[in-house]
Amino acid sequence: MKVFEAIKSGAIKVWGFRNLWALLYMVLVAFAFLMTNPLIHILEDSFGSSQLLKGKAGVFDYNLVADFFNHFGENFDTVIYSAWWFILIYLIVSVFLSAGYVASLQPRVEKYSFPNFVKFGGQYFWKFLVVSVILLVIQGLLSGLAILLFQSIAG
């Protein structure tokens, strides 16, 4: 029963930081909008009101994808290039916010305040960045292994 009590007390403690959850959520929504907005404009410029996509929902059509990259690959390359910068900025902001959030959850003498949140984010930033990079490398290696496995199975 100690496990359930620990989960319950942790959930109650986390619920006490609703304003931090709102901040994290708004940052994620802002980054999602910034990432998808250029892609939406490219797709609208590329296909517009074309009847080509009619009936293609939920169906993968290789010819459609190949034609898209042949005709509009330059625009898509620009989005991919800018996406790397967004990913880097997102990683930095996410690590900073996560470090501040986790440090704010620790029992301390100081009461939670936004300046303390920023202080904790800066204090633990490098430790969280190292952990994030290690996890990204592990995820990349596992993804690469999965791709190699599926390619060997497929052909």
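Trainee: Why does Leu142 count as exposed?
Mentor: Its relative accessibility is 54%. Exposed means over 50% relative accessible area, buried means under 20%, and partly exposed lies in between, with a 1.4 Å probe and protein chains only. At 54%, Leu142 is over the exposed cut-off, so the word applies. This is a predicted model, where local features need pLDDT of at least 70, side-chain atom pairs count only at pLDDT 80 or more, and totals for chains, interfaces and linings use all residues. Residues are numbered from 1 along each chain as its sequence is written, and side-chain values use heavy atoms, with hydrogens and water left out.

Trainee: Where does Leu142 sit?
Mentor: In helix 5, residues 125–154. Helices are DSSP runs of H or I with at least four residues, strands are E runs of at least two, and both are numbered from the N terminus.

Trainee: What makes the group with Leu142 a nonpolar patch?
Mentor: Nonpolar side chains (Val, Leu, Ile, Met, Phe, Trp, Tyr) are joined within 5 Å, like charges within 9 Å. Here the members are Val130, Val131, Ile134, Leu135, Ile138, Leu142, Leu145 and Leu148. Together they have about 760 Å² of accessible area, computed by the Shrake-Rupley method with a 1.4 Å probe, with only the protein chains shown as cover for residues.

Trainee: Why is the pair of Phe125 and Trp126 called edge-to-face?
Mentor: The whole structure holds three aromatic pairs. In the pair of Phe125 and Trp126, the ring centres are 5.1 Å apart and the planes stand at 80°. Rings of Phe, Tyr and Trp (its six-membered ring) pair if their centres lie within 6.5 Å; planes under 30 degrees apart are stacked, over 60 edge-to-face, and the rest tilted. Both values pass, so the pair is edge-to-face.

Trainee: Buried or exposed: what are Phe125 and Trp126?
Mentor: Phe125 has a relative accessible area of 13%, so it is buried. Trp126 has 60%, so Trp126 is exposed.

Trainee: How do you know on which side of helix 4 the buried residues lie?
Mentor: The buried residues of helix 4 (residues 114–123) are Asn116, Phe117, Phe120 and Gly121. They cover an arc of only 140° around the axis, so they are on the same side of helix 4. The arc is that of the directions from the helix axis to the C-beta atoms.

Trainee: Why does Val27 count as buried?
Mentor: Val27, in helix 2 (residues 18–47), has 19% relative accessibility, so it counts as buried.

Trainee: What does Val27 touch?
Mentor: Val93 and Leu97, leaving out residues up to four places away in sequence. Contact means heavy atoms within 4.5 Å.

Trainee: Which residues does Tyr124 touch?
Mentor: Tyr124, in the loop between helix 4 and helix 5, touches Ala99, Ala103 and Arg108, with the same exclusion of residues up to four places away.

Conventions: Patches are made of residues with over 30% relative accessible area and no salt bridge: like charges are joined within 9 Å, nonpolar side chains (Val, Leu, Ile, Met, Phe, Trp, Tyr) within 5 Å. A salt bridge is a side-chain nitrogen of Lys or Arg within 4 Å of a carboxyl oxygen of Asp or Glu.
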